[in-house]
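Please keep the sequence and the model in view while reading.

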Amino acid sequence: MIDPVSGEHVHEPSPRGPSEGRLPLLPPDSLSHEQRTVYEALTGGPRASDRLPPFMADESGRLLGPFNAMLYSPSVGLPLQDLGAALRFRTAFTKREREIATLVVAAHARSDYEWYAHERIGRRAGLTDEELDALREGRAPLLADVRERVVYEAARQLVEEEDLGDAVFTEAATTLGRAAVVELVTLVGYYKALALQMRVFRVGVPDGESPPEWPAAERAAG
């Protein structure tokens with residue numbers, strides 16, 4: 001939106017609302033054959049492991065977050081979920097590196113569900129309260145690992161400038177490898193796309209859960 005005083009574009013916070021939002025949650029027994037294929041790919045894949053995480057589905061098995069939207073267009077949802085699975089489970093990033101990059105996107109987009117889900121995944125990957133607070137507030141976390149620092153800085157520049165400057169690109173390519181830079185740029189774009197979907201479809205955190213506390217000051221956008 002436009003600030004009426006400065007005339008500059010400012011980052012608008014994610015609209016709050018019920019978890020169901022603009023796309024009603026689809027019960028598993030109402031799905032078409034094509035939708036069932038997407039549902040089974042999501043619930044039977046590596047995301048689910050032995051059981052579905054509580055942030056992924058409700059007690060009746062209806063998918064939450066971005067996964068419900070994937071069911072509405074199976075021709076898009078099926079390859080989209082496979083890309084997400086590839087980025088989470090088939091890259092060379094460590095779990096911490098991957099979640100640092102994802103949380104940078106979630107915080108920049110102020111995507112309630114994306115932060116809610118990946119904060120929990122990040123904790124399991126070993127991210128500390130101090131690191132999570134810094135990421136949520138848009139600050140650089142104190143990271144001892146050089147790869148993690150490069151992942152953070154590259155992800156930050158990608159979401160804020162939608163590009164990588166020569167210095168950051170060279171450092172990322174040298175430290176992570178060119179293949180990993182391709183994967184990182186794709187990861188950032190993927191989670192930005194999911195954040196946009198959830199903003200448009202008014203997807204919040206699951207019922208009964210509290211949304212993240214975003215910093216009060218709005219971040220200016222170019």
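Within the largest nonpolar core, which has 55 residues, M70 and W115 touch the most other members. A nonpolar core is here a set of buried Ala, Val, Leu, Ile, Met, Phe, Trp, Tyr and Cys residues joined through side-chain atoms within 4.5 Å. The most to this core comes from helix α9 (residues 178-200), which gives nine residues. The model is predicted, so local features need pLDDT of at least 70 and side-chain atom pairs count only at pLDDT 80 or more, whereas totals for chains, interfaces and linings use all residues. Residues are numbered from 1 along each chain as its sequence is written, and side-chain values use heavy atoms, with hydrogens and water left out.

W115 deserves a separate look. Leaving aside neighbours within four places in sequence, W115 is in contact (heavy atoms within 4.5 Å) with L103, A106, A107, L132, L135, R136, P212 and W214. For the protein as a whole, 48% of the 222 residues count as buried, that is, under 20% relative accessible area, with exposed meaning over 50% and partly exposed in between (1.4 Å probe, protein chains only). Among contacts with a separation of 6 or more, 72% join residues 24 or more positions apart.

The protein has nine helices and zero strands; helices (H or I, at least four residues) and strands (E, at least two) are DSSP runs, numbered from the N terminus.

How are two packed helices described? The description uses the angle between their axes and the distance between the axes. Axes are lines fitted to C-alpha atoms, for helices over the stretch in contact, and angles run from 0 to 180 degrees between N-to-C directions. Helix α2 (residues 65-72) and α3 pack at about 140 degrees, with their axes 6 Å apart. The two are therefore oblique to each other; angles under 35 degrees count as roughly parallel, over 145 as roughly antiparallel, 65 to 115 as roughly perpendicular and the rest as oblique. In this contact, M70, L71 and Y72 in α2 meet P74, G77, L80 and Q81 in α3.

Helix α3 (residues 74-89) also packs with helix α1 (residues 33-43): their axes come within 9 Å and cross at roughly 15 degrees. That angle makes α1 roughly parallel to α3. From α1, E34, Q35, T37, V38, A41 and L42 meet P74, G77, L78 and Q81 in α3.
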